[in-house]
Amino acid sequence: NYPVTFVIFGATGDLSEKKLFPALFGLYKKKLLPQHFKIVGFARRPFTDEAFRELIKPGILNAEKKSNDEQDELQASITQFLEKVTYHQGTFEEIKSYIGLINRLGDIDKELGACSHKIFHLALSPFYYETVLKNLEASALNLSCTDGSGLTRLLIEKPIGTDLVSAKKINALLSDIFKEEQIFRVDHYLAKNALYRLLTLHFFDPALRTVWNLEQIEEIQLSLYEQATAEGRGAFYDKVGAIRDVGQNHMLEMLALMLADKPPEENDREKRAYRAQALKLLESAQIDTKNLKRAQYEGYLKTEGVAEHSQTETFFRANFEIEQGAWRGLRVAMEAGKGLKESAVTASVIFKKPVSLTMNGSSEEVKMLTFHIQPDIFIELTLSSGGKEKVPYEKIEQLRHAADNYELVYFESLGDNQERFVSKDEVEASWVFIDRLIAEIKKIPLVVYEIGSEPSSIA
Ligand code: BG6
């Protein structure tokens, strides 16, 4: 319950507005933040504290739309929360902005009566990471207070780099400035409780455990479909594209959870090491070059911030086969895109021959198992008879965390368990594979699809 100050770099951005401030408010409402906390939003545009609070309020209200809270109470609690938020205007390049921040944090600490823990969150375009990290170091903001009190930590968003070389450079810079236990590389998919629970169910469910191997499993299929387009974040998205935006991180982390063969031991220091090991299996994976697909939705080129003749993909499809280790011969299919008919995130396991599974009370012969992660959460069994059965999520979940998604990101950043954050090794292993995939996929022409397309119609 030690006082903490969050500093959000990129506080006027899309992510901050839609996810970060609502999550911090969510934690505040659930009383999961320390009693004394402050939030400093750091960005380029000029705002008074008051104007900044007005700017972020709609995002919070929007996120709270579904809550059953009494309106007056909700308004009052948002107002109390916003009182803890202030704005620091500065450029990411100029050291004077960071000196200004030191003074601001000093004032906050005086007010709090202690050197608060500082959690810096880089929620800005990753192309600024190097600049911001160097300036954090130059201004000594990475260090504790002179008496040794007040921890410092860094939350940093994906994608870390745009390829292996640039990722290594950022990781090296991070390790110069912080110890690994201070670095919280965010992949908010790992912070989705349902996703984490479902994709690691084979660790815990005895029936699944017995079929979770290469003798039984033929293929894993992952899909991340979004209705939303790149509107509103064209400049960022255009430099990244679907593979780097969600493939390198969210989807490969999903796969890593599924490929891990046993849960980490309670006393494992590195509870997430199993994911890096799984991702390393992809280094030599055989990419099915004949079935690659990259596509762009019609109208993408008109998005603000997108280059005139941009060849950036907003959809991709990739199939590959694992060539080493316990999963040698396993096929994996990945597909993701924006501007599609529906939003849905799923992971399917296809069995070589139907397997007997008891998940709904009675034993069934199952051909395929689909984990539905978004928008609805359930497991779907495709039976050998052709029928389908739903296993509701409530049957599976044992809530470990009251917080979910970005709430969990912040909540866990206050503790010492980095299980739900990405390690240096995971980042680098995933880029080894993604660099190869991008090199291959670039060789094929980009096709155009209509907004609202069915993924399967993109051929
Ligand atoms: C982000 C990507 O990491 O994940 C976005 O940058 C994408 O492009 C988002 O829309 C999807 O997250 P969620 O939680 O809405 O599935």
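These legends describe close-up views of a predicted model. Local features need pLDDT of at least 70, side-chain atom pairs count only at pLDDT 80 or more, and totals for chains, interfaces and linings use all residues. Residues are numbered from 1 along each chain as its sequence is written, and side-chain values use heavy atoms, without hydrogens or water.

**View A. Helix 12 is mostly covered.** Helix 12 spans residues 405-413, and seven of its nine residues are buried (under 20% relative accessible area; exposed is over 50%, partly exposed in between; 1.4 Å probe, protein chains only). Among them are Tyr406, Leu408, Val409 and Tyr410. Helices (H or I, at least four residues) and strands (E, at least two) are DSSP runs, numbered from the N terminus.

**View B. Aspartate 416 forms a salt bridge with arginine 153.** The closest N and O atoms are 2.8 Å apart. A salt bridge is a side-chain nitrogen of Lys or Arg within 4 Å of a carboxyl oxygen of Asp or Glu. Aspartate 416 lies in the loop between helix 12 and helix 13, and arginine 153 in strand 5, so the pair ties together parts 263 residues apart in sequence. Aspartate 416 is exposed at 71% relative accessibility; arginine 153 is buried at 9%.

**View C. Glutamate 335 and arginine 317 meet in a salt bridge.** The N to O distance is 2.5 Å. Both residues are buried.

View D. Glutamate 130 is partly exposed at 27%, as is lysine 134 at 43%.
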